[in-house]
Amino acid sequence: MPVRKDFLLDQLHEFFDVLQQIAARLMERNLDKAEEKINELWSAETIARLTAEGDDPGLQQEKFSFLRFQTELLMLKIKLEEAKGRDTAQLRQQARVAVNRLIRLRPNDYDLELQQHLQNLSSP
């Protein structure tokens, strides 16, 4: 049974609302609350699959929006770690691989935001 478009749109709105809440907490320097929310939603397993070497046929089946959400959480996690004065080299490398993988999963779609993430990850 196909998933209704309304449900998918609601799910995307929920993802973006959560990301905005975390970003707002980072801007307010409420780092503990931001970290708590990131850790609550973070899927280390998904990021590991997304950043693993070689092809993972399961990624093609995974919902792109979920993979994208996890990558956006990774980008926020980098900002959090930077705000706490921690080293982010390993997270940045994971994020570069994850963003490149997302781009390869949708080769016919040019995503300006993902391209911007790559540019930001390239500069310290």
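This is a predicted model: local features need pLDDT of at least 70, side-chain atom pairs count only at pLDDT 80 or more; totals for chains, interfaces and linings use all residues.

Biologist: How do helix 6 and helix 7 run relative to each other, roughly parallel or roughly antiparallel?

Modeller: Roughly antiparallel. The cut-off for that label is over 145 degrees, so the pair qualifies at about 155°.

Biologist: And the crossing of helix 6 and helix 7, left-handed or right-handed?

Modeller: Left-handed.

Biologist: Which residues make the contact?

Modeller: On helix 6, they are Arg92, Ala95, Arg96, Val99, Asn100, Leu102 and Ile103. Helix 7 brings Leu114, Gln115, His117, Leu118, Asn120, Leu121 and Ser122.

Biologist: How many of the contact residues are nonpolar, polar and charged?

Modeller: There are 7 nonpolar, 5 polar and 2 charged residues in the contact of helix 6 with helix 7.

Biologist: OK, now helix 3. At what angle does helix 3 pack with helix 6?

Modeller: About 70°, with the axes 8 Å apart. That makes helix 3, residues 44–51, roughly perpendicular to helix 6. The crossing of helix 3 and helix 6 is left-handed.

Biologist: Which residues meet there?

Modeller: From helix 3, Ile47, Arg49, Leu50 and Thr51. From helix 6, Gln94, Val97, Ala98, Arg101 and Leu102. By type, the contact of helix 3 with helix 6 has 5 nonpolar, 2 polar and 2 charged residues.

Biologist: Switching to Thr71. Where is Thr71 found?

Modeller: In helix 5, residues 64–83.

Biologist: Is Thr71 buried or exposed?

Modeller: Buried, because its relative accessibility is 0% and the cut-off for buried is under 20%.

Biologist: What does Thr71 touch?

Modeller: Leaving out residues up to four places away in sequence, Thr71 touches Ile47, Leu50, Ala98, Val99 and Leu102. Ile47 and Leu50 belong to the helix 3 side of the contact with helix 6, and Ala98 and Leu102 to the helix 6 side.

Biologist: Zooming out, what is the secondary structure of the whole chain?

Modeller: There are 7 helices and 0 strands. Along the sequence, the pattern reads α-α-α-α-α-α-α.

Biologist: How much of the chain is buried?

Modeller: Buried residues are 35% of the 124 residues. The accessible surface is about 8200 Å², and carbon and sulfur atoms account for 50% of that.

Key. Residues are numbered from 1 along each chain as its sequence is written. Side-chain values use heavy atoms; hydrogens and water are left out. Helices (H or I, at least four residues) and strands (E, at least two) are DSSP runs, numbered from the N terminus. Buried means under 20% relative accessible area, exposed over 50%, partly exposed in between (1.4 Å probe, protein chains only). Contact means heavy atoms within 4.5 Å. Accessible areas come from the Shrake-Rupley method with a 1.4 Å probe; for residues, only the protein chains shown count as cover. Axes are lines fitted to C-alpha atoms, for helices over the stretch in contact, and angles run from 0 to 180 degrees between N-to-C directions. Angles under 35 degrees count as roughly parallel, over 145 as roughly antiparallel, 65 to 115 as roughly perpendicular and the rest as oblique. A crossing is left-handed if the near helix is turned anticlockwise from the far one by less than a right angle, and right-handed if clockwise. Ala, Val, Leu, Ile, Met, Phe, Trp, Tyr, Cys and Pro count as nonpolar, Asp, Glu, Lys and Arg as charged, and the others, Gly among them, as polar.
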